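Subject: Structure for your review

Dear colleague,

Please find below the structure that I am handing over to you. My notes on what was found in it follow directly after.

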Amino acid sequence: MTETPDILREFTAGTRRRALLQGLVAMGAGGASFLRFAEALAQAPAGDVAQITILSQPGAVPDILRDVTLPQFRTRQASTEVRLEVATNAAGYPRMLTQRANPVISGGMFNDIFAQRGRADGMFAPFNREFVPNASKLPAGLATPGGLGIPFHLSPFAIMYNPDRMEAPQSWNDLYDPKLRGRVAMWDAYYDGYIMAAVAAGKPPSVEEGIRAWAPHKANIGAWVNSPVVAEDMVSRGEMWCAPHWGSFMGQARARGNRLAFVVPKEGGVQWTGHMQVCTGFNPRVTELTQRYLDTWLSDECQMAWITRGFFSPASTAVQVPDNLKADSVIMSAEEAQRRLVKPDFESIGPNMPRLTQMIIRTLKG
């Protein structure tokens with residue numbers, strides 16, 4: 001029987017890691033022994049990394065990454081394949097937590113809340129700026145709170161509506177209009193709409209205050225949604241008339257033919273930011289290659305693709321938003337976003353997600 005030191009020497013020699021784990025399973029390894037093998041596997045050095053796995057949002061994003069960033073990376077690192085794991089943060093992050101003893105995803109894109117949840121959970125590592133030179137193109141002040149992560153695109157979070165059913169809301173308080181009874185779609189897993197309800201009530205950008213502001217008007221909530229596509233389709237069909245929503249996702253849906261419009265009311269909207277992160281639990285070479293790949297997301301070519309194909313606002317100052325795409329404030333420069341949009345304290349929101357969701361359920365869904 002092969003001794004554990006012999007197996008660990010194989011890991012160090014760079015034998016294909018996934019194949020070795022599969023072999024261990026086939027031999028009946030399990031429990032604590034398999035966990036020790038898996039941990040050693042994740043940490044073992046390797047000069048030649050065959051594959052890195054990156055978490056990607058669904059929608060238009062995977063196609064942009066495949067068409068724009070993968071060819072860039074291949075010209076620099078032809079021997080390493082990039083596999084995209086396509087999932088929302090809400091679905092992908094819990095899986096990452098369960099896999100942390102034997103991690104698979106070495107980096108990816110995370111929204112404001114999950115960027116902070118991952119920091120609190122010890123899931124993310126700092127970037128080495130030598131490996132991400134395009135980060136120098138970000139404007140002053142645009143940074144991931146807490147120091148882990150780098151912003152790579154933005155989106156205003158404001159109000160999506162059906163222009164055949166209603167006029168553009170001028171204030172977040174317009175969502176309380178009795179004419180909208182049963183016509184507003186809301187989230188219980190994302191909190192930006194409640195943050196702006198608090199701001200419109202003259203309060204700080206607090207999720208709790210926004211939930212309280214909505215309480216007297218909860219009859220206006222006609223649907224609870226857990227998918228951007230579901231919200232877009234319901235509003236486009238006229239089942240719901242409006243919903244707090246991401247400008248970028250609305251733009252993608254409108255490009256697909258949905259009957260939708262978007263407005264940033266007088267109180268503003270939330271600056272929703274996509275943050276690229278590098279995950280802990282990998283050997284230095286995997287970590288380096290992950291960062292070098294993520295740097296392509298900040299390249300001029302990718303930043304322009306975020307704008308023209310994804311309707312995202314660019315994080316980089318090196319590209320300009322074309323005039324024909326500035327309508328509805330769906331897309332804006334990073335400098336404009338920082339002037340016009342609210343930046344909540346996601347460092348405190350992230351760890352409190354379960355409590356906040358329970359408050360929504362008790363206060364608004366009960």
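F311 is buried, because its relative accessible area is 17% (buried means under 20% relative accessible area, exposed over 50%, and partly exposed in between, with a 1.4 Å probe and protein chains only). F311 sits in the loop between α12 (300–310) and β11 (313–314); helices (H or I, at least four residues) and strands (E, at least two) are DSSP runs numbered from the N terminus. Although F311 is not a glycine, its phi is positive, at about 60 degrees.

Please note that this is a predicted model, in which local features need pLDDT of at least 70 and side-chain atom pairs count only at pLDDT 80 or more, while totals for chains, interfaces and linings use all residues. Residues are numbered from 1 along each chain as its sequence is written, and side-chain values use heavy atoms, with hydrogens and water left out.

A positive phi is also found at D328, a residue other than glycine, with a value near 65 degrees. D328 lies in the loop between β11 and α13 (334–340). D328 counts as partly exposed because its relative accessibility is 30%.

T290 belongs to helix α11 (residues 284–294) and counts as buried because its relative accessibility is 0%. A polar atom of the T290 side chain lies 2.8 Å from the backbone oxygen of V286. Leaving aside residues up to four places away in sequence, T290 touches I52, I54, S106, G107 and V278 (contact means heavy atoms within 4.5 Å).

For the chain overall, there are 15 helices and 11 strands. Of its 366 residues, 55% count as buried. Among contacts between residues at least 6 apart in sequence, 77% join residues at least 24 apart.

Finally, the lining of the largest cavity is made up of F157, M186, W187, Y190, Y191, D192, G193, Y194 and P244. The elements giving two or more residues to this lining are β6 (184–187) and α7 (192–200), and α7 supplies the largest share, three residues. A cavity here is a set of points, on a 1 Å grid over the protein atoms alone, where a 1.4 Å probe fits but cannot get out; lining residues have an atom within 4 Å of a point.

Yours sincerely

Key: A polar contact is a pair of N or O atoms within 3.5 Å; within protein, one must be able to donate a hydrogen and the other to accept it, and residues adjacent in sequence count only if both atoms are side-chain atoms. On a 1 Å grid over the protein atoms alone, a cavity is a set of points where a 1.4 Å probe fits but cannot get out, and a pocket is an open set with protein on both sides within 12 Å along at least five of seven lines; lining residues have an atom within 4 Å of a point.
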